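This report considers helix packing, aromatic contacts and backbone geometry in turn. The sequence and the structure are shown first.

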Amino acid sequence: TEDILFNAALGISEAATKLTSASLHRTLVWRPIPARVAARSNVEASPETYALHRFQPQPLKIRNHDRLALFATLVETKDHYKEQNFPIDAMRLKCSAERLGVALPFHIIYGGGLAESELVMLMRFGFIVEDYSQDVSFMKSKCCNTCPYPDRIDGWATMFKLFAWKAMAYDMVVHADLDVCFSGRSPARAMADIGVENFSFLSDEAPRGWGWHSHIFALKPSLRKFEELINFSMEEENYCSEQDRLSVIFKTEELARKGGMTEAVPHQPVCEDFPINPYCLERTASRHQELGRLDCDQFWRTCVALPSVLVSSVGGF
C-alpha cells in the first residue's frame with residue numbers, strides 16, 4: 001500500500017525525465033547488438049526487419065528527479081560453475097521487480113554466448129542490451145588465471161559487471177546476479193531511500209573472510225571509478241571474481257551499512273521461491289519466439305511455478 005500511494009502521488013513530469021535518462025544513456029554509452037528483431041509482436045524476425053527492441057522501458061515515477069536503473073550481466077560460457085538458463089533467469093529477475101510496482105529501465109551487460117533467438121527474445125521483452133562480447137579476450141587477460149581455487153574458472157566473466165560504472169545517464173544503478181529475485185518491496189522505492197547524495201557503493205559484507213558478497217550491489221556510475229576498477233594487472237592480483245576487485249576499491253570498513261543490501265533492497269539471493277516451469281526452459285527458437293511476445297504478467301503466470309502456499313504472501317501483477 002505504501003508503494004502504491006507513493007507512486008500515485010508523483011507528478012507526470014517525472015516520466016519524461018526518466019525516458020530522457022534512458023535515451024541519454026543509449027546515446028552516450030549504449031553499444032546495441034546487431035540482432036534482427038521484429039518491431040511488432042505479430043511480425044516475424046527476419047534479415048529484412050530490424051529494430052532495437054519492441055518495448056520501451058516503462059517510465060519511472062520517483063521523487064527528486066533521481067535517475068535510477070537496474071543492471072545485470074549475462075555471459076554464456078562453459079566455464080560457469082553451475083548450469084543456468086541465463087535468459088530465462090534474466091526475465092524472471094526483471095519481472096520480480098516489476099510485480100512490486102515500478103518498472104525501471106533494465107540493462108543487460110552482454111558478454112557473448114547466446115543464440116540469436118535468445119537475444120531477440122530478451123530485446124522484445126524490454127531489456128536494453130549492451131554488447132561487450134568483443135571484450136572477452138580483454139577480460140580473460142585481466143582475470144583470473146591466478147585464482148587459488150582451481151574450480152572457479154569463470155572469474156573473467158564476472159568482471160563484465162564493472163561496465164555498469166559507465167552508465168553515466170543514471171544517478172544510481174542496482175546490479176543483480178541473474179539468479180536473484182526482488183521480493184517484499186519495490187527496488188525503485190528502496191533505491192530512492194538509499195539516496196543518491198553522498199553515495200558511492202553498497203553491497204552485502206562477505207559472510208566469511210573479508211570484503212563484499214556482490215551478488216547484488218548498488219553503485220554510483222563514474223567513468224573515473226570505472227578506469228580505477230579496470231586498471232589492474234593479473235600478475236599483481238590473485239583475483240577469483242569481480243568481488244575481489246570491488247573489495248579492494250570499496251572498503252567495507254568505510255562503506256558497509258547495517259543490514260547491507262539485504263536490508264536496503266529486499267531480495268532472494270537464489271530465487272528459491274520462484275522456480276521456473278520446465279516448459280519455459282526449452283532452448284529452442286520457437287520457444288524463444290513465443291516467450292519474447294509475453295509481458296511480465298503473462299511470463300509470471302506461464303513460467304514461474306509459484307507454490308500455492310506463497311500466493312497470498314508474495315503478491316503479483
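A residue counts as buried when its relative accessible area is under 20%, as exposed when that area is over 50%, and as partly exposed in between. The model discussed here is a predicted one.

Phe 160, with a relative accessible area of 0%, is buried by this criterion, and Trp 156, at 7% relative accessibility, is buried as well. The ring centres of Trp 156 and Phe 160 lie 6.4 Å apart and their planes stand at 70°, so the pair is edge-to-face. The structure holds 16 aromatic pairs, and one aromatic cluster is formed by Tyr 132, Trp 156, Phe 160, Phe 163 and Phe 226.

| Charged residue | Ring | Distance to ring centre |
|---|---|---|
| Lys 140 | Trp 156 | 4.7 Å |
| Arg 287 | Tyr 279 | 3.7 Å |

Turning to helix packing, the axes of helix H4 (residues 116-124) and helix H12 (residues 285-292) come within 8 Å and cross at roughly 5°, which makes H4 roughly parallel to H12. On the H4 side the contact involves Ser 117, Glu 118, Met 121 and Arg 124, which meet Ala 285, His 288, Gln 289, Leu 291 and Gly 292 in H12. Sorted by class, the contact of H4 with H12 has three nonpolar, four polar and two charged residues.

Which residues does Leu 255 touch, not counting residues up to four places away in sequence? Leu 255, which lies in helix H10 (residues 252-255), touches Ser 200, Phe 201, Leu 202, Trp 212 and Phe 250. Leu 255 and Ser 200 are 55 residues apart in sequence, yet their C-alpha atoms are 8.3 Å apart in space. At 21% relative accessibility, Leu 255 counts as partly exposed.

The peptide bond from Cys 143 to Cys 144 is cis, with omega near 10°, and Cys 144 is found in the loop between helix H5 (136-142) and helix H6 (155-158). Asn 198, although not a glycine, has a positive phi of about 55°; Asn 198 is placed in the loop between helix H7 (187-194) and strand S6 (201-205) and, at 81% relative accessibility, counts as exposed. Cys 271, likewise not a glycine, has a positive phi of about 55° and lies in the loop between strand S8 (267-268) and H12, but at 3% relative accessibility Cys 271 counts as buried.

Conventions
Residues numbered from 1 in each chain as written. Predicted model: local features only at pLDDT ≥ 70, side-chain atom pairs only at ≥ 80, totals over all residues. Heavy atoms only, no water. Axes fitted to C-alpha atoms, helices over the stretch in contact; angles between N-to-C directions. Helix = DSSP H or I, 4+ residues; strand = E, 2+ residues; numbered from the N terminus. Parallel < 35°, antiparallel > 145°, perpendicular 65-115°, else oblique. Contact = heavy atoms within 4.5 Å. Nonpolar A, V, L, I, M, F, W, Y, C, P; charged D, E, K, R; others polar. Phe/Tyr/Trp six-rings, centres within 6.5 Å; stacked < 30°, edge-to-face > 60°. Buried < 20%, exposed > 50% of the residue type's maximum accessible area, 1.4 Å probe, protein only. Lys NZ or Arg CZ within 6 Å of the ring centre and 35° of its normal.
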